[in-house]
Amino acid sequence: MYTSACYWCNTSASYVSTVFLRDLPPICLDVRQKQRISIDKLPQELKAPILPEHSLPIRTKTVKDFQDDVEKAKSSGDWKAVHDFYSTTFDSFLEINAAFKKDTNPPFNTIEDSGINAKFVNVVYDALLNTPQDVQKSVLKGIINEKNPNDFFPFMQFINLTHFFNLFQNPQFSNTSTYVIYAHLLRQIAALTEADHHFLVHWSKKISQRRFKQLVDRLLQFISLRLFPAKPEEFPPMVKCTWWIPSATKVLALFNAANSLVSPPLISYTDFYNSTLDHIDLMEEYHNWQCYGNSHRFSFCQYPFIISIAAKKVIIQRDSEQQMISIARQSLVDKVSRRQKPDMNMLFLNVKVRRTHLVSDSLDELARKRADLKKKLKVTFVGEAGLDMGGLTKEWFLLLIRQIFHPDYGMFAYHKDSHCHWFSSFKCDNYSEFRLVGALMGLAVYNSITLDIRFPPCCYKKLLSPPIVPCDHNTLVGICDVTLGDLFQIMPELAHGLSELLSYEGNVEEDFYSTFQVFQEEFGVIKSYNLKPNGDKIPVTNQNRKEYVQLYVDFLLNKSIYKQFAAFYYGFHSVCASYALLLLRPEEVEILVCGSPELDMSALQRSTQYEGYQKTDLTIRYFWDVVLGFSLDLQKKLLHFATGSDRVPVGGMADLNFKISKSETSTNWLPVAHTCFNQLCLPPYKNKKELKQKLIIGISNAEGFGLE
């Protein structure tokens with residue numbers, strides 16, 4: 001239901017374009033050759049006129065020739081030669097392709113090679129904006145007057161493609177005065193076949209990082225200015241150009257696909273975010289997408305790569321709120337229909353736990369109140385007075401996570417080399433506690449709580465495999481394609497050893513003496529597992545070592561922990577089940593759960609609240625002078641000490657609601673933190689040196705989460 005071979009109609013777990021590339025039929029040299037050969041099989045009356053070979057233009061001007069012409073024009077003021085080059089080159093689709101071909105008589109170009117002289121294209125476009133206006137106008141005039149090559153030569157698809165690929169890079173399209181021309185070009189590119197898009201995607205990944213970023217930014221700017229034009233009179237009325245934004249977004253999807261094919265990517269996935277969309281009615285977009293899916297009705301939710309994580313959080317929160325309200329309303333209706341007195345507590349997920357039995361009580365409460373998981377969370381510690389205004393909820397999360405992830409608890413193994421936790425492969429009779437951890441993560445996202453946990457990126461990729469819980473309970477969940485790179489992020493030493501096996505130049509079978517069998521220690525007992533049938537009898541050789549490594553990685557990250565992770569998966573989705581998850585990348589799920597690692601202490605300073613202090617007080621000025629001068633490591637320690645996590649919520653530092661309170665204790669005391677309220681209690685130290693010394697000692701020696 002949610003698969004697609006299209007580059008832009010995405011409803012998968014996260015927008016990973018390689019998924020779509022795998023779905024597409026293989027496009028290679030043979031495809032286009034067959035398309036050409038098929039012309040001969042057509043009846044004479046259906047054949048389109050084929051351009052005679054001798055009329056195809058041949059242009060021999062080189063990069064150096066062009067650069068010399070430009071230099072002469074600059075020095076003499078005579079731009080005729082340059083003007084003639086531009087006006088001739090952009091006069092027709094044939095001329096522009098002839099001018100920029102790498103070879104006048106190349107073999108048929110492939111998906112990996114466009115046959116375009118990229119250096120020449122870049123030099124010509126770089127020079128264009130520095131030429132006189134009449135030269136620049138001649139280029140735009142040529143583009144406007146060009147006919148679509150398929151109008152006359154419908155079987156010359158390749159020339160058509162290179163033509164579009166060349167024109168699209170024109171820097172003149174950054175100017176709003178050219179947007180009408182740019183929009184029509186985008187519309188033509190968006191309307192190309194999937195096979196043609198396949199070629200454009202692979203050619204685009206060869207563009208330099210700087211130019212790739214410029215092209216992406218140009219598309220994002222085009223979308224932003226069409227949505228919120230600074231000068232509306234510059235553009236046609238929106239009702240007459242409703243296709244502008246869909247066309248640009250579809251072309252942007254091709255660049256997103258190209259970016260995902262390169263490792264590492266040319267630009268960050270966040271560079272595709274369009275923050276302008278944060279200011280439109282995203283819930284309307286989301287509901288349209290839910291109602292119409294990937295039909296011809298456009299919605300930005302079909303292209304989630306363009307929606308920022310902040311905007312996605314808004315969608316998820318509002319979707320969560322609507323689910324909360326719906327379930328709470330139903331509870332109220334049920335109560336009234338049974339003639340029972342309504343109780344305000346029925347509108348919340350009320351969790352009552354004893355501190356001495358934190359894990360078992362939490363497990364029992366969440367299992368017993370499974371129908372209430374989508375209600376607003378409120379926590380009560382038995383025997384303690386006080387209302388949960390958010391502090392008790394956060395303390396419950398912090399204490400529970402600290403206890404569950406402790407090495408002695410045995411559920412998760414901490415890997416010091418990678419500073420992350422991974423699921424224990426030890427077999428047990430009951431995996432309900434893994435379900436509890438998954439539910440905790442779901443509740444954290446649902447209730448906008450940032451957790452201080454360290455799972456590797458692979459975990460979030462598995463959590464979205466699939467993003468919607470399958471109806472068939474026999475369907476495997478939490479299984480995804482894993483690579484040696486994923487293992488490096490968890491067990492770097494083991495991954496390094498496997499990498500050396502792959503690159504070993506000697507005789508693998510004789511020197512390593514390994515088979516397709518691996519061993520694991522479980523409670524002091526060594527157990528063996530075959531990676532494939534009769535694996536203990538199959539030696540690892542130079543020929544099959546890649547298969548061995550892949551099966552070993554799959555065993556470690558998928559098969560050996562399947563039951564543990566499946567319970568974890570179902571726990572998370574028992575709370576967060578929503579079509580909004582289809583909008584998320586694994587990296588974005590991690591940010592929603594754990595926060596962003598990007599710190600901006602100046603932003604924290606601007607949003608900090610004070611109690612007992614004024615922001616102009618000497619102690620506060622000392623504090624910020626010291627903190628802004630800290631290394632990143634010390635800044636993270638301060639944040640961890642004061643809030644329980646060294647990461648920042650999706651909404652930025654302002655969402656921390658950080659408060660500095662005046663402590664009336666002696667200045668000999670160290671600062672104290674109340675992590676449940678993101679509060680730092682600071683004595684009025686007499687000078688900056690004393691404050692810095694006490695602060696560093698306090699944040700560097702805090703135990704656990706820095707809880708008081």
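Guide: Pro-264 sits in the loop between α12 and α13 (282-292). Helices (H or I, at least four residues) and strands (E, at least two) are DSSP runs, numbered from the N terminus. The peptide bond from Ser-263 to Pro-264 is cis, with omega near 0 degrees. The bond from Ser-465 to Pro-466 is also cis, with omega near -5 degrees. Pro-466 lies in the loop between α18 (457-463) and α19 (484-488).

Visitor: What kind of model is this, and how are residues numbered?

Guide: The model is predicted: local features need pLDDT of at least 70, side-chain atom pairs count only at pLDDT 80 or more, and totals for chains, interfaces and linings use all residues. Residues are numbered from 1 along each chain as its sequence is written, and side-chain values use heavy atoms, with hydrogens and water left out.

Visitor: Why are α11 and α12 called roughly antiparallel?

Guide: Take the angle. The axes of α11 (residues 209-227) and α12 (residues 244-260) cross at roughly 155 degrees and come within 10 Å. Axes are lines fitted to C-alpha atoms, for helices over the stretch in contact, and angles run from 0 to 180 degrees between N-to-C directions. Under 35 degrees counts as roughly parallel, over 145 as roughly antiparallel, 65 to 115 as roughly perpendicular, and the rest as oblique. The two helices are therefore roughly antiparallel.

Visitor: Which residues make their contact?

Guide: Contact means heavy atoms within 4.5 Å. Among the residues involved are Phe-212, Leu-215 and Leu-219 of α11, and Trp-244, Ile-245 and Phe-255 of α12. The contact of α11 with α12 has 15 nonpolar, two polar and one charged residues. Ala, Val, Leu, Ile, Met, Phe, Trp, Tyr, Cys and Pro count as nonpolar, Asp, Glu, Lys and Arg as charged, and the others, Gly among them, as polar.

Visitor: What makes α4 and α7 parallel or antiparallel?

Guide: Helix α4 (residues 80-89) and helix α7 (residues 133-145) pack at about 10 degrees, with axes 8 Å apart. That angle makes α4 roughly parallel to α7. His-83, Tyr-86 and Ser-87 in α4 meet Asp-134, Val-135, Ser-138 and Val-139 in α7.

Visitor: How do you know whether Tyr-513 is buried or exposed?

Guide: Buried means under 20% relative accessible area, exposed over 50%, partly exposed in between (1.4 Å probe, protein chains only). Tyr-513 has 75% relative accessibility, so Tyr-513 counts as exposed. Its phi is positive, about 50 degrees, although Tyr-513 is not a glycine.

Visitor: And Asn-678, buried or exposed?

Guide: Asn-678 has 10% relative accessibility, so Asn-678 counts as buried. Phi of Asn-678 is near 50 degrees, a positive value in a residue other than glycine. Asn-678 is in the loop between β9 (672-674) and β10 (679-682).

Visitor: Why is α6 called largely enclosed?

Guide: Count its residues. Eight of the eleven in α6 (residues 118-128) are buried, so the helix is largely enclosed by the rest of the structure. Among the buried ones are Phe-120, Val-121 and Tyr-125. Across the chain, buried residues make up 51% of the 708.

Visitor: What makes a nonpolar core?

Guide: A nonpolar core is a set of buried Ala, Val, Leu, Ile, Met, Phe, Trp, Tyr and Cys residues joined through side-chain atoms within 4.5 Å. The largest has 174 residues, of which Tyr-86 and Trp-396 touch the most other members. Another core, of 29 residues, lies apart from it and includes Tyr-622 and Phe-641.
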